[in-house]
Amino acid sequence: MFKSLYKTHDHPDRQLGEAVLNAKGAIIAVLMLPLYQVVIANLLSFAMQWCNTNMGTNFGTVELNTVLQIITIFIMLFFFGRFYWENLKTFFKEFKAVYIWAPIACYAITMAGNMAVQMILMIIRGGVETTANNDMVNDMLINSPIQMILVTVFFAPFVEETIFRAGMCRSLTISKNYFIKSLGFVISVLLFALLHVYQYAFFGVDANGAVYLTFNANEFLSILSYIPMGIGFAVCSYLCKNFWGSVTCHMMTNAIAVAMMMLISLLGTM
């Protein structure tokens with residue numbers, strides 16, 4: 001469905017071309033960001049609050065995130081199902097070593113960059129602090145591990161790679177113009193990092209549950225923690241020249257992080 005949303009970009013070193021979102025497809029992918037983060041999220045929040053108040057349910061953040069991701073994935077499948085399928089066929093039909101070593105190498109880049117960033121943040125803050133996003137994920141993993149593993153390791157990478165790598169990055173980095181290539185790379189990295197901190201950096205919740213605008217400089221600094229990941233996933237997308245390459249890297253990175261969180265939590269209870 002919607003074959004007009006992508007184009008086939010031929011590579012001189014490969015028999016099969018890469019399915020890449022064209023301008024229209026990229027715009028739809030980018031528009032999914034406010035739909036995903038604002039419209040659907042707020043509608044679900046109101047619906048779950050109503051259910052909790054009027055039907056005695058006990059829906060919380062875990063349920064909200066799970067349903068949010070599932071709805072977003074169905075919308076994306078509706079628009080980009082053919083695009084995903086074309087990339088999947090290419091991924092297996094022309095399977096090459098780059099699909100294995102690129103995610104591993106980019107994960108190493110991510111970890112090296114993250115270590116450097118954490119040292120910088122430790123100097124600025126005068127100590128070690130985790131991000132509010134990581135704290136939230138850790139809490140939800142303790143309370144609902146199966147759901148959060150599905151959301152963090154499988155659902156979120158699929159959604160975020162569609163928006164940031166397929167929509168913002170890969171559709172621009174295939175250009176022969178180096179300014180456009182760089183622009184796609186930078187935009188995808190910065191917005192990916194901002195996605196993970198903006199709720200905590202620019203919004204607060206008062207005692208009555210009302211949301212208000214604010215600016216938390218400490219949380220905003222946490223954007224640096226996500227830039228190495230954004231760089232790693234963008235590089236992996238460029239190296240693999242296939243949507244599922246960066247998805248593999250993203251899933252692997254989140255899986256290792258979740259495993260480490262669960263291990264630390266388990267050791268803390270012993």
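## Close-up views of the model

**View 1. F92 is exposed, with a relative accessible area of 58%.** Exposed means over 50%, buried under 20% and partly exposed in between, with a 1.4 Å probe and protein chains only. This is a predicted model, where local features need pLDDT of at least 70 and side-chain atom pairs count only at pLDDT 80 or more, while totals for chains, interfaces and linings use all residues. Residues are numbered from 1 along each chain as its sequence is written, and side-chain values use heavy atoms, leaving out hydrogens and water. You'll find F92 in helix α2 (helices are DSSP runs of H or I with at least four residues, strands are E runs of at least two, numbered from the N terminus). From F92 to Y6, 86 residues away along the chain, the C-alpha atoms are 19 Å apart.

**View 2. E86 also sits in helix α2.** E86 is buried, at 18% relative accessible area. Skipping residues up to four places away in sequence, E86 touches Y6 and A19, where contact means heavy atoms within 4.5 Å.

**View 3. F202 and F215 make a tilted ring pair.** Their ring centres are 5.9 Å apart and the planes meet at 35°. Phe, Tyr and Trp rings (the six-membered one for Trp) pair with centres within 6.5 Å, and count as stacked under 30 degrees, edge-to-face over 60 and tilted otherwise. F202 belongs to helix α7 (198-202), while F215 is in the loop between β4 (211-213) and α8 (217-221), 13 residues apart, so the pair ties together distant parts of the chain.

**View 4. One aromatic cluster brings together Y6, F78, F79, F80, F83, Y84, F158, F243 and W244.** The structure has 22 aromatic pairs in total.

**View 5. Two rings each have a charged side chain over them: F192 with R165, and Y238 with K241.** R165 lies 4.8 Å from the ring centre of F192, and the charged end of K241 is 4.7 Å from that of Y238. The test is Lys NZ or Arg CZ within 6 Å of the ring centre and within 35 degrees of the ring normal.

**View 6. The largest nonpolar core has 45 residues.** F80, F83, Y84, I163 and F243 touch the most other members. A core is a set of buried Ala, Val, Leu, Ile, Met, Phe, Trp, Tyr and Cys joined through side-chain atoms within 4.5 Å. The elements that each supply at least two residues include β2 (18-21), α1 (23-54), α2 (61-93) and α10 (243-269). The largest share, 8 residues, comes from α5. Beyond four places in sequence, F80 contacts L5, L21, G25, I28, A29 and T162. Apart from this core lies another of 8 residues, M140, V153, V258 and M261 among them.

**View 7. Helices α1 and α2 pack at about 145°, axes 10 Å apart.** Axes are lines fitted to C-alpha atoms over the stretch in contact, with angles from 0 to 180 degrees between N-to-C directions. The α1/α2 crossing is right-handed (near helix turned clockwise from the far one by less than a right angle; anticlockwise is left-handed). From α1, residues including I28, M32 and L35 meet a set in α2 that includes L68, I75 and F79.

**View 8. Helices α9 and α10 pack at about 145°, with axes 7 Å apart.** Their crossing is right-handed. M229, F233, C236, S237 and C240 of α9 meet G245, S246, C249, H250 and T253 of α10.
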